[in-house]
Amino acid sequence: MTADVGKPDRRGEVTSASRIVVKVGSSSLTTATGGIDPDAVRRLVDVLASVRARGAEVVLVSSGAIAAGLAPLGLAKRPRGLAAQQAAASVGQGLLVHRYTEELARHGLITGQVLLTVDDVTRRSHYKNAHQTLAELLQLGVLPVVNENDTVATHEIRFGDNDRLAALVAQMVHADLLVLLSDVDGLYDGPPSRPGTSLLADVRGEADLAGVQIGSVGSAVGTGGMVTKVEAARIATGAGIPVVLTSAANAEQALGGDAVGTLFHATGKRRPTRLLWLAHATEPKGRLLLDAGAARAVVSRGASLLAAGLTGCDGAFEAGDPVDLVDPSGASVARGLVNFDASEVPGLLGKSSRALLAEFGEGYDRVIVHRDDLVLL
């Protein structure tokens, strides 16, 4: 697909995209008191169906499960307790996907629900499975509806908001475009309610965000805010995926290529999703202390971390957890997924792979953090 001739304001990044991830926030799908807004869902689905009709594939990352469960459970507002949130999600998820299924069926489209947890984008085997499932759904012509698995996620292992999830899903499915829809029509250089503020039509890098006041408060039924949307845009654009940020009311114009909202231009190249998550959205479970040679090898040569370069560790981590790699000055130079438990590391310090093999046997001669599971900070 190409931009329409004679319409210079059309965004080529949008009209040429053949695979698009669309994220919609809770406040755009539900009433202020909780419960699904059927008209809002219908309008959104009509727009997504028009995108499919022009030949593009669509993945929808939809908030709203917890919000949709509030009214049926008689809850006046989003609960603070994790167990109550999980209960609301359990009730609301089925209602939300049922509504999407019915509305998409009007256009002859099939819906597939995909519930993800943090493990599905950070652990290699989970990531591969999630990627294959989404790829197969798209191959079969299904429109996947993705959400965090709120019914089982805990405070320690959750995305925290669907903006970041959408950015990671966009990378996972090799999307050409990410569209973030909310109740705000774009990024402003200050609070939109303040006189004299202006909409930023284009963001080409961090320099364009200098001095911009970004609010952090989400809606009464959601968890996001402009901070999480800008962070999601950083994740996606850093992976080579342009992002359009606008309101759900502007969905038709935005997905049609009109210059509405804010366009974040791609700034980097694609990287594995788990590395994007490591860089942008994890809390380290511990630290690995490196000698000067190991720090240089990791930072300058892109090497894996070997036990020979370790001088110490702290924290309570298990194999597969994210940890920070710290140089002799105390600076965190990288973050990676460690291959050993914290209890095992002290016995490995400073030893060569050959020595580890002789002392502990097969398996202990492997790297502490593999270069493919490591990102520089």
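Modeller: Two strands count as paired if DSSP finds at least two bridges between them. Helices (H or I, at least four residues) and strands (E, at least two) are DSSP runs numbered from the N terminus. The model is predicted, so local features need pLDDT of at least 70 and side-chain atom pairs pLDDT 80 or more, whereas totals for chains, interfaces and linings use all residues. Residues are numbered from 1 along each chain as its sequence is written, and side-chain values use heavy atoms, leaving out hydrogens and water.

Colleague: Which residue in S8 is the bridge partner of Asp-202?

Modeller: S6 and strand S8 (residues 262-264) run parallel and are joined by two bridges. In S8, the partner of Asp-202 is Leu-263.

Colleague: Which residue in S5 stands opposite Val-21?

Modeller: S1 runs parallel to S2, with six bridges between them, and Val-22 stands opposite Leu-60 in S2. S1 also runs parallel to S5, through five bridges. In S5, the residue opposite Val-21 is Leu-178.

Colleague: How many of the eleven residues of H7 are buried?

Modeller: Buried means under 20% relative accessible area, exposed means over 50%, and partly exposed lies in between (1.4 Å probe, protein chains only). The buried residues of H7 include Asn-162, Asp-163 and Arg-164, as well as Leu-165 and Met-172. H7 is largely enclosed by the rest of the structure because the number of its residues that are buried is eleven of the eleven.

Colleague: Is His-174 buried or partly exposed?

Modeller: His-174 lies in the loop between helix H7 (162-172) and strand S5 (177-182). Just after H7, His-174 takes a phi of about 60°, a positive value in a residue other than glycine. Its relative accessibility is 41%, so His-174 counts as partly exposed.
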